[in-house]
Amino acid sequence: EDAYLVPIGRLDQILFDVYTKDVQEAGRLCDEDIKEIIECFYIKLNYEIDKTHGKSGKFESDTGQTVVLGGLDPTTGEDASNELTLICLDICEELRLTDPKIHIRLHPKTKESVWDKAVHLASLGMGFPTFDNDEAIFKALRNVGPRYYSERDILDYGISGCWEVIIPGLTSFRQCCNFDMLQVLEWTLNRGRFFRDIRRTSSGPFEDPAQWGIDLGDPKGFMNFSELLRAYKKQLRFAVMMNAYHII
């Protein structure tokens with residue numbers, strides 16, 4: 001509770017072993033039972049934007065909680081969509097709730113039944129599912145290099161927030177890192193400070209609580225735009241590093 005931007009992950013993969021044991025092997029539950037359980041879970045994810053429970057106003061639209069469906073199996077590299085993939089999409093159509101946001105991972109091996117269900121859901125005008133191109137995202141993650149992610153990690157990627165790619169269990173996600181590129185320009189033009197006096201309430205990289213960026217000297221000393229651009233890029237590198245370590 002009181003949470004937002006929670007990447008729930010690949011729900012059809014996380015629950016599939018339990019689904020198999022309860023429905024297909026033991027027969028303790030049927031598909032309708034499973035639907036009801038997941039429906040209750042989806043409803044609970046909307047608690048923070050429910051205007052009836054006394055906490056309205058904290059979130060005006062949604063909480064950015066995200067479920068990812070489909071994609072590839074990180075072990076076999078084959079299509080990972082299953083019965084739960086279709087059940088989760090059916091629930092979205094039936095409930096038509098704000099949360100969770102649904103992402104469908106698509107690739108050349110995606111089953112036609114999953115394509116049909118996802119396209120139908122998109123046609124209803126609810127704004128989801130979001131279609132994630134596995135091949136394009138795989139290429140981007142591989143460009144990061146094996147220093148960070150193994151091939152298994154890449155095949156198992158998820159989504160957080162609106163569309164930010166994460167690796168479940170490995171990615172420390174902070175929405176946008178409060179990063180503002182115009183703010184970086186302001187620091188470049190004002191020796192690492194805001195034009196109006198803004199003091200820190202928590203410790204930062206400098207002893208001076210009003211110092212947010214690095215002091216690159218009096219901007220009047222820049223002889224041309226190229227010098228300003230070089231200074232801005234230096235300030236930008238500093239801001240990215242500080243955000244990466246959650247300092248600013």
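This briefing walks through some of the salt bridges in the structure above. The model is a predicted one, and it holds 12 salt bridges. Three of them are described here, including the pair Asp156 and Arg10.

**Asp156 and Arg10**
- Asp156 and Arg10 are joined by a salt bridge, with their closest N and O atoms 2.7 Å apart.
- Arg10 belongs to strand E1 (residues 7-10), while Asp156 sits in the loop between helix H7 (151-155) and strand E5 (158-160), so this pair ties together parts that lie 146 residues apart in sequence.

**Asp79 and Lys111**
- A salt bridge also links the side chains of Asp79 and Lys111, at 2.7 Å from N to O.
- This pair, too, connects distant parts of the chain, 32 residues apart: look for Asp79 in the loop between strand E2 (66-70) and helix H4 (83-95), and for Lys111 in the loop between strand E3 (101-106) and helix H5 (112-123).
- Asp79 has a relative accessible area of 18%, so it counts as buried, since the cut-off for buried is under 20%.
- Lys111, with a relative accessible area of 38%, is partly exposed.

**Asp99 and Lys101**
- Asp99 forms a salt bridge with Lys101, and the closest N and O atoms of this pair are 3.4 Å apart.
- Is Asp99 buried or exposed? Asp99 counts as buried because its relative accessibility is 2%.

Notes:
Residues numbered from 1 in each chain as written. Predicted model: local features only at pLDDT ≥ 70, side-chain atom pairs only at ≥ 80, totals over all residues. Heavy atoms only, no water. Salt bridge = Lys/Arg side-chain N within 4 Å of Asp/Glu carboxyl O. Helix = DSSP H or I, 4+ residues; strand = E, 2+ residues; numbered from the N terminus. Buried < 20%, exposed > 50% of the residue type's maximum accessible area, 1.4 Å probe, protein only.
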